[in-house]
Amino acid sequence: MAGSTSIQPIAELLADRYMAQHAGPAVEVQGGGSSAGIRAALSGAAEIGMSSRQLKPEETGLKEYLMARDAIALIVHPGNPVRSLTKEQVRGIFSGRVQRWEAVGGRSGAITFITREEGSGTRGAFEELVMGKETEIAPDGIVQDSTGAARAIVATDPDAIAYISLGMVTPEVAAIALDGVQPTHESATDGTYALTRPFLLLTKGEPTPKARAFLDFVVTPESQATIAEEGYIPVKPAGRGSGA
Amino acid sequence: MPEAQLPKLRARNLNLYYKAFHALSDVTLDILPQTITAIIGPSGCGKSTLLRTFNRMNDLVPGARVEGEVTLDGEDIFAPTMSLVRLRRRVGMVFQRPNPFPLSVRDNVLFGPRAHGITPRDRLQEILEASLKGAGLWADVRDRLDEPALDLSIGAQQQLCIARLLAVEPEVILLDEPCSALDPYSTLHIEELMRQLSETYTVLIVTHNMQQAARASDRSVFMLLGELVEEGPTEQVFTMPRDERTEQYITGRFG
Amino acid sequence: MKTKEWLIEKTLLLMALSAVAMLALIAIFVFIEGTPIMAREGLGHFLLGRKWAPTKGSFGIFPMIVGSVWVTIGALVIAGPLGLACAVFLVEIAPRKVADIVRPAIQLLAGIPSVVYGFVGIVVLVPLIREHLGGPGLSVLAASIILGVMVLPTVISISQDALEAVPRTYKEGALALGCTHWQAITRVILPAARPGITVAIVLGLGRAIGETMAVIMVVGNAVKVPAGLLDPARTLTSNIALEMAYAGGDHREALFATGVVLFMFIMLLNSLAALRFGRRRPSP
């Protein structure tokens with residue numbers, strides 16, 4: 001299997017678990033990015049492609065299996081009165097254009113925004129879903145290399161804002177609404193919350209028996225529990241993808 | 001005693017313990033001013049301990065405890081009002097191994113005066129010259145004042161230690177086997193120096209060397225197992241000892 | 001018997017050589033990986049460039065160099081005096097019993113994993129700085145304090161050894177001249193222990209400049225030249241550790257090049273130290 005570097009870590013973890021439980025041919029996981037994963041699945045270079053974005057209309061001929069969802073929540077200190085931001089405001093904050101909380105309806109204070117390191121999957125998703133192609137995250141922001149560290153800072157700093165996987169939100173921080181939609185399991189699942197992306201596994205036509213076995217493994221309750229532990233939103237076995 | 005001289009130092013029923021070890025027992029002794037008193041005895045007899053009591057260097061030893069009385073010019077050196085700093089300025093000490101500081105010759109000599117707050121340059125220069133002259137070292141080092149003291153010969157280092165002591169103008173000089181690390185020539189040199197010093201200062205020397213005690217001291221004290229056995233004019237102690245043990249030691253039957 | 005000894009000797013030699021060879025290989029590897037991009041970008045550009053956007057083709061590590069220097073100096077300003085004072089206290093002043101308790105406690109401090117220091121930094125120190133001094137809290141100051149504490153055991157125990165190695169006779173000599181204990185410490189013992197104390201400081205410096213984990217957590221990692229102690233910064237080590245996991249191509253080479261710069265830094269430091277000790281005691 002090959003494709004999205006965002007899916008790669010969790011896919012590797014599941015592949016290890018799978019191989020530990022099942023004798024037989026090894027499952028190999030490679031990166032390359034979502035587009036490469038789609039191409040690999042189409043060309044047959046990989047039995048399973050991995051994509052962390054929806055397929056475009058022109059990308060046809062693939063069967064989709066939803067393994068999980070990734071939702072990114074914006075978090076602030078629980079004492080911060082700001083409970084909702086627009087995507088435009090968030091873009092302003094992380095690009096360094098908006099520097100004061102009062103400019104987005106908060107108390108007077110300088111905004112401390114916390115981003116993840118270059119190359120992080122969460123950062124990649126955030127850039128893709130929020131920043132867009134034309135705006136960059138300002139280089140002089142605080143950078144932390146783990147969700148835990150980012151969360152710990154927001155938990156103690158009333159002026160901080162960070163983005164983390166929805167599954168990692170704890171009561172010591174407050175997840176805020178984006179464009180009026182509160183990030184929850186439901187809103188992420190039904191797609192009303194904007195900062196989500198599906199983790200799709202793709203096969204060209206019917207999967208091979210070997211691929212089928214792994215695809216089944218991914219949606220077992222144990223695997224889904226692992227997915228939840230890693231901070232992603234699990235899909236119930238019933239939510240398994242339908243053919244496209 | 002030759003005249004009715006007042007003793008410079010006086011010990012009365014002095015007992016010293018290192019934890020349980022009884023290092024000095026019931027020592028009673030008068031040290032006369034401007035004389036050289038030698039303390040002799042075998043190793044471990046307490047002679048260095050006695051010497052180190054006079055400037056309270058034993059205070060540094062954990063577990064050391066003193067009973068009895070020691071006075072300097074009639075003043076109790078263990079009294080709470082006695083300042084250690086003042087006591088040690090008045091009762092200076094030269095150690096067994098020369099211990100110049102890792103500084104220049106000049107800084108060694110001026111170490112004490114500077115620590116005691118003397119700052120005028122010409123005053124320090126005076127002290128430097130006078131002290132080195134007093135220790136018989138001036139001619140040798142006058143051109144090497146800024147060289148490291150540790151580059152001097154070992155005999156010269158001991159002289160430097162004496163100069164360093166003279167610079168703080170003590171009244172009593174305690175010498176703890178000052179020649180044991182030196183060659184015979186340097187030893188003679190130090191003995192001559194002691195003789196000169198005794199014109200001004202009260203000198204106490206602990207020595208292993210019988211000949212040295214015999215030729216260089218005015219009075220001798222013989223100690224054994226922490227006890228003071230005999231004390232008197234050197235000539236008498238060496239030629240007509242009153243105590244049998246002194247005689248045995250002097251004639252080389254033990255020690 | 002002879003052959004046995006010969007065998008042991010040669011085995012030890014082989015072990016020593018392989019240790020050296022491993023170090024050499026690591027150094028060579030880092031250089032091979034890191035130098036091409038320096039050549040391509042131009043050394044001046046690489047070292048003095050202020051923009052670091054490795055996925056977009058900008059490789060300037062000047063902010064990280066400045067960050068490392070600031071944080072290391074800061075750590076030293078804290079650990080130097082504090083460590084020395086502590087060593088003097090333990091060797092010269094503390095009663096035996098107190099010293100016997102404090103010494104192992106300090107050794108223990110050295111055994112705490114750096115992530116714990118970092119965590120304490122984030123949870124306790126960073127909020128303190130933010131509330132009382134301002135700024136985001138994640139800052140050069142926070143990193144300096146955490147590093148200072150981490151380096152303390154090194155500075156204390158080596159200074160302690162240096163102080164204990166000063167002959168007792170120096171102290172006795174000073175006391176016998178009527179010096180106070182304090183004068184003996186400042187005028188004789190400390191100067192005599194100076195070479196050893198310098199070693200303590202240099203080793204502390206080495207540890208500070210190389211420490212990564214705790215620094216990443218509290219320094220903020222912002223790619224900009226810090227304007228003050230309360231500004232976030234990024235150090236050379238945190239730059240490497242933050243991004244190495246995902247980096248490929250030029251980005252990866254640039255991180256290795258960062259490693260080369262760090263390597264040079266430590267070499268420079270060590271040779272400076274060697275130069276200082278190489279000389280005989282300077283005559284004052």
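How far apart do the C-alpha centres of domain 1 of chain A and domain 2 of chain A lie? In this predicted model, the two centres lie 28 Å apart.

## The two domains of chain A

Chain A is divided into two parts, and domain 1 is made up of two stretches, residues 2–69 and 197–243. Domain 2 covers residues 71–190. Where the domains meet, eight residues of domain 1 of chain A are in contact with twelve residues of domain 2 of chain A. Together, domain 1 of chain A and domain 2 of chain A bury about 850 Å² between them, and 55% of this area is on carbon and sulfur atoms. Three residues stand out on the side of domain 1: R69(A), R197(A) and I233(A) supply 60% of the area that domain 1 of chain A buries against domain 2 of chain A, more than any other three residues.

The side of domain 1 of chain A that touches domain 2 of chain A has two nonpolar, three polar and three charged residues. Although charged residues are present on that side, the count of salt bridges between domain 1 of chain A and domain 2 of chain A is zero. The count of residue pairs in polar contact between these domains, with both residues at pLDDT 80 or more, is also zero.

## How the chains meet

Which chains share the most contacts? Two pairs of chains are in contact, and of these, chains B and C share the most contacts. Chain A and chain B, by comparison, are joined by no contact, and their closest C-alpha atoms lie 51 Å apart.

## The interface of chains B and C

Chain C and chain B bury about 2,000 Å² between them, with 65% of that area on carbon and sulfur atoms. Across this interface there is one salt bridge. The partners are E172(C) and R52(B), whose closest N and O atoms are 3.2 Å apart. Chain C and chain B also have five residue pairs in polar contact, counting pairs with both residues at pLDDT 80 or more.

On chain C, the elements that give two or more residues to the side touching chain B are α7 (168–176) and α8 (181–210). Helix α7(C) gives the most to this side, with seven residues. By class, the residues of the side of chain C that touches chain B divide into nine nonpolar, six polar and four charged.

## A buried threonine in chain B

T49(B) is placed in helix α1 of chain B, which spans residues 47–54. Is T49(B) buried or exposed? Its relative accessibility is 12%, so T49(B) counts as buried, the cut-off for this class being under 20%.

Leaving aside residues up to four places away in sequence, T49(B) touches L16(B), Y18(B), A23(B), L24(B) and N58(B). With one of these, Y18(B), the contact is also polar: the side chains of T49(B) and Y18(B) are joined by a polar contact of 3.4 Å.

## An enclosed helix in chain C

Why is helix α10 of chain C described as largely enclosed by the rest of the structure? The helix spans residues 236–243, and seven of its eight residues are buried, so the rest of the structure largely encloses it. The buried residues of α10(C) are L236(C), T237(C), S238(C), N239(C), I240(C), L242(C) and E243(C).

Methods
Residues are numbered from 1 along each chain as its sequence is written. Chains are lettered from A and ligands numbered from 1 in the order in which they are written. This is a predicted model: local features need pLDDT of at least 70, side-chain atom pairs count only at pLDDT 80 or more; totals for chains, interfaces and linings use all residues. Side-chain values use heavy atoms; hydrogens and water are left out. Helices (H or I, at least four residues) and strands (E, at least two) are DSSP runs, numbered from the N terminus. Buried means under 20% relative accessible area, exposed over 50%, partly exposed in between (1.4 Å probe, protein chains only). A polar contact is a pair of N or O atoms within 3.5 Å; within protein, one must be able to donate a hydrogen and the other to accept it, and residues adjacent in sequence count only if both atoms are side-chain atoms. Contact means heavy atoms within 4.5 Å. Domain bounds come from an automatic or database domain assignment. Buried area is the accessible area (1.4 Å probe) that two parts lose on being put together, summed over both. A salt bridge is a side-chain nitrogen of Lys or Arg within 4 Å of a carboxyl oxygen of Asp or Glu. Ala, Val, Leu, Ile, Met, Phe, Trp, Tyr, Cys and Pro count as nonpolar, Asp, Glu, Lys and Arg as charged, and the others, Gly among them, as polar.
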